[in-house]
Amino acid sequence: MINGNLEHILLDRNANILSWQERLQIAKDVAQGSTKEYIDPEYYCTNKFTEKSDVYSFGVVLLAIIASRPVIDGDQEQAHIIQWASTLLGRGEIKGIVDSRLQGDYLLDSVWKAVELAMACASRASIKRPAMTQAVMALNHCLAMEISRVNRSDGTIEMVSVNLGTGVVPQAR
């Protein structure tokens, strides 16, 4: 990234705090460029990388973007970010997953969709992961909702068009 690596930007408590909209834009950019930074659990059995391996890695990165937390935190009982988020989701504590520095300045529905997407992408079973194109479309939807919220609070009216014809259906909460 132009202003440093993503982990530094997210974890540096002295850096400017990225807004929810900025985080969604970064996540969308990452999804379109993909990454193999985190190893798909199925790789250990097959020794093969697949498109779904990229999806897994993206899910981990997306969760780190949402939470502004390291992927592995040795100071926590549940050291891996997926375990940590799963525990909070199981208790319905979605706000506990989002970077507290955002102080609630986001649309909760957008956060739910982004967290659900991250967890689906980081599913241990590759067959349960969405295609990367579906992930990008889901992020577009989250971003459109957030842009609409920001514009409403600014008193601005802006038309946002999102094609949702992917068959991606929101999960029940």
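Among contacts in the protein between residues at least 6 apart in sequence, what percentage join residues at least 24 apart? The value is 62%, where a contact means heavy atoms within 4.5 Å.

## Basis of the model

This is a predicted model, in which local features need pLDDT of at least 70 and side-chain atom pairs count only at pLDDT 80 or more, while totals for chains, interfaces and linings use all residues. Residues are numbered from 1 along each chain as its sequence is written, and side-chain values use heavy atoms, with hydrogens and water left out.

## Overall architecture

The secondary structure comprises seven helices and zero strands, and along the sequence the pattern reads α-α-α-α-α-α-α. Helices (H or I, at least four residues) and strands (E, at least two) are DSSP runs, numbered from the N terminus.

Of the 173 residues in the protein, 44% are buried. Buried denotes under 20% relative accessible area, exposed over 50%, and partly exposed the range in between, with a 1.4 Å probe and protein chains only. The protein exposes about 9,600 Å², of which carbon and sulfur atoms supply 50%; accessible areas come from the Shrake-Rupley method with a 1.4 Å probe, and for residues only the protein chains shown count as cover.

## Nonpolar core

The largest nonpolar core holds 47 residues, and F58, I66, I81 and I97 touch the most other members. Elements giving two or more residues to this core are α2, α4 (51–67), α5, α6 and α7. The most is given by α4, with 11 residues. A nonpolar core is defined as a set of buried Ala, Val, Leu, Ile, Met, Phe, Trp, Tyr and Cys residues joined through side-chain atoms within 4.5 Å.

## Salt bridges

The count comes to five salt bridges, each being a side-chain nitrogen of Lys or Arg within 4 Å of a carboxyl oxygen of Asp or Glu. R91 and E93 form one of them, at 3.2 Å from N to O; R91 is exposed at 54% relative accessibility, whereas E93 is partly exposed at 33%. D99 and R101 form another, with their closest N and O atoms 2.8 Å apart. D99 is buried, at 3% relative accessibility. R23, D99 and R101 are linked in a network of salt bridges.

The side chains of D105 and R149 also meet in a salt bridge, at 3.0 Å from N to O. Because R149 lies in helix α7 (residues 132–154) and D105 in the loop between α5 (81–90) and α6 (108–121), this pair ties together parts that are 44 residues apart in sequence. R149 is buried, with a relative accessible area of 16%, while D105 is partly exposed at 45%.

L10 is found in helix α1 and is buried at 4% relative accessibility. Not counting residues up to four places away in sequence, L10 touches L18, R23, A64, I65, S68 and R101. The C-alpha atoms of L10 and D99 are separated by 9.3 Å, although the two residues lie 89 apart along the chain.

S19 occupies the loop between α1 (6–11) and α2 (20–33). S19 is partly exposed, with a relative accessible area of 30%. Its C-alpha atom is 8.2 Å from that of Y106, a residue 87 places away along the chain.

## Aromatic groups

R69 lies over the face of W84, at 4.0 Å from the ring centre. A charge sits over a ring if NZ of Lys or CZ of Arg is within 6 Å of the ring centre and within 35 degrees of the ring normal.

## Positive phi values

Most residues other than glycine have a negative phi. S68 is placed in the loop between α4 and α5 and is buried at 2% relative accessibility.

Q103, which is not a glycine, likewise has a positive phi of about 50 degrees. Q103 belongs to the loop between α5 and α6. At a relative accessible area of 71%, Q103 is exposed.
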